[in-house]
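Morning, everyone. I have one structure to walk through. Let me put it up.

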Amino acid sequence: MTTEAPVISVRDVGMTYTARRGAGNTVLRGCDFDIAPGEFVSIVGQSGGGKTTLLKIISGLLENTEGEVLVRGRGVKEALRDIAMVFQGPVLLPWRNNLANVMLPMEFRKRVTPETRAYARELLELVGLGDKAESYSYELSGGMQQRVSICRALVSHPEILLMDEPFGALDAMTRDSMNFELQRIWQETKRSVLFVTHSIPEAVWLADRVLVVGDRPGRIIADIRIDLARPRTKETRYTDTFAEIVADVEQLLGVEAGIS
Ligand SMILES: Nc1ncnc2c1ncn2[C@@H]1O[C@H](COP(=O)(O)OP(=O)(O)OP(=O)(O)O)[C@@H](O)[C@H]1O
C-alpha cells in the first residue's frame with residue numbers, strides 16, 4: 001500500500017440535480033476515497049447509479065453540491081490542466097487529420113511546437129497508429145478512433161486520466177485488445193487512471209482497485225484491492241482469484257443487475 005500523498009481526494013461528495021419542478025434528484029451521497037499517484041482505479045455500478053456524474057465532478061465539468069474534490073490538495077478548477085477525459089465515443093473532428101486531432105489540446109494551450117508535435121506522433125506510434133497520422137477519422141475503425149482519442153487525452157501530459165466507458169461501443173474482440181493496449185499505455189506513462197465500465201471482468205482485469213457504486217443515491221459500497229500480478233495476461237482471467245473477485249463484485253451489485 002502506497003504512503004504517497006493522494007493525487008485525487010474525494011471527500012464526502014454528494015450531488016443533487018436541481019429539478020425545474022418538484023424535489024431535486026440526489027444521485028450521489030457521501031462518496032469518500034483517495035487515488036494514489038499512478039494508481040489504476042475502476043468504478044463499476046448499476047446503470048444510472050451516478051458513475052458519470054462522479055467522473056464529471058472530478059473533471060470539473062460539473063459542480064458537486066456537497067463535499068469537496070481535491071487534486072494534489074487544490075480545488076478541481078485550479079487543476080484542470082492536470083486532468084484529461086476520454087468519453088465513450090471518440091468525438092474526433094472529421095475535417096482534421098488524426099495528428100491534428102491529437103494536437104487539439106496543445107492548440108488550446110498555444111503550445112504547438114516541433115517538440116509537442118513529435119510527442120503527438122510518438123503517442124500515435126505507441127498505440128500502433130504511427131502510419132495513420134495523416135489519415136482522417138472516417139478512414140479508421142472504431143477501435144482505432146478510440147486510440148486516437150486516448151492519444152489526444154495524453155498529449156498534454158495530464159497526471160490524471162478519467163475514462164467514461166471508453167470501450168463500451170466496441171465489439172468484444174476489439175474491446176479485448178484495447179484492454180491490453182490500455183494496460184501497456186498505463187504501464188509506460190504511469191498516469192493515475194479512473195476508469196468507469198459496465199463490465200465487471202474488465203474493471204477487475206485492469207485495475208489496482210475497484211470501487212463499487214451502489215444505488216440510490218450512489219455511494220461507494222466497496223473498495224476492493226486487486227492483488228493480481230502485473231502485467232495482466234489472458235491467463236489472468238482464468239485464475240481462481242480473478243473469478244472469485246468478479247463473483248464478489250457481482251454479488252455486491254446483485255445478479256439481477258444484468259451487468260456483464
Ligand atoms: N444533467 C442532469 N440533470 C438531471 N439529472 C441528471 C443529469 N445527469 C444525470 N442525471 C441523473 O443522474 C442519475 C445518474 O446518472 P449518471 O449518468 O451519473 O449514472 P451512470 O452510473 O453513469 O449511468 P450509466 O451507467 O447508465 O451510464 C440518473 O438518474 C440520471 O437521470
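Strands here are DSSP runs of E, at least two residues, helices are runs of H or I, at least four, and both are numbered from the N terminus. S9 and S10 are antiparallel, paired over six bridges. Pairing takes at least two DSSP bridges between two strands. A hairpin of four residues joins S9 to S10.

A word on the source. This is a predicted model: local features need pLDDT of at least 70, side-chain atom pairs count only at pLDDT 80 or more, and totals for chains, interfaces and linings use all residues. Residues are numbered from 1 along each chain as its sequence is written.

Now the sheet around that hairpin. Six strands make an open sheet, in the order S6-S7-S8-S3-S9-S10, with mixed pairing. Which strands stand at the edges? Strand S6 (83-86) and strand S10 (219-225) do, and each has a single partner strand, so one side of each has no neighbour in the sheet. From one strand to the next, the twist averages 20°. Angles run from 0 to 180 degrees between N-to-C directions; axes are lines fitted to C-alpha atoms, for helices over the stretch in contact.

Further in, strand S3 (residues 40-45) runs parallel to strand S9 (residues 209-214), with five bridges joining them. Ile43 stands opposite Leu211 in S9. Helix H4 (residues 142-154) packs on this sheet. H4 touches S6 and strand S7 (160-164), and its direction makes about 170° with that of S6. Contact means that the C-beta atoms of two residues, placed from the backbone, lie within 7 Å.

H4 also has a helix partner. Helix H2 (residues 98-108) packs with H4 at an angle of about 35°, the axes 7 Å apart. From H2, the residues are Asn98, Asn101, Val102, Leu104 and Pro105; they meet Val148, Cys151 and Arg152 in H4. By class, that contact has five nonpolar, two polar and one charged residues. In this scheme Ala, Val, Leu, Ile, Met, Phe, Trp, Tyr, Cys and Pro are nonpolar, Asp, Glu, Lys and Arg are charged, and the others, Gly among them, are polar.

Next, another sheet. Four strands form an open antiparallel sheet in the order S2-S1-S4-S5. Its edge strands are S2 and strand S5 (74-75), each pairing on one side only. Strand S4 (residues 66-71) pairs with S5 in the antiparallel sense over two bridges. Leu70 has Gly75 as its bridge partner in S5. H1 packs on this sheet and touches strand S1 (8-17), S2 and S4; its direction makes about 120° with that of S1.

Which residues are around the ligand? They are Tyr17, Asn25, Val27, Gly45, Ser47, Gly48, Gly49, Gly50, Lys51, Thr52 and Thr53. The cut-off is a C-beta atom, placed from the backbone, within 6 Å. Strand S2 (25-35) and helix H1 (51-59) each supply at least two residues of that shell. H1 gives the largest share, three residues. The shell divides into two nonpolar, eight polar and one charged.

Two backbone details. Most residues other than glycine have a negative phi, and most peptide bonds are trans. Asp12 is not a glycine, yet has a positive phi of about 50°. Asp12 lies in strand S1. Arg230 and Pro231 are joined by a cis peptide bond, with omega about -10°. Pro231 is in the loop between S10 and helix H7 (240-253).

Last, the record. An unreviewed UniProt entry annotates residues 10-240 as "domain: ABC transporter". UniProt positions are in the numbering used here, feature names are shortened, and annotations may be inferred rather than shown by experiment. Residues 10-240 are 31% helix and 26% strand, with end C-alpha atoms 32 Å apart.
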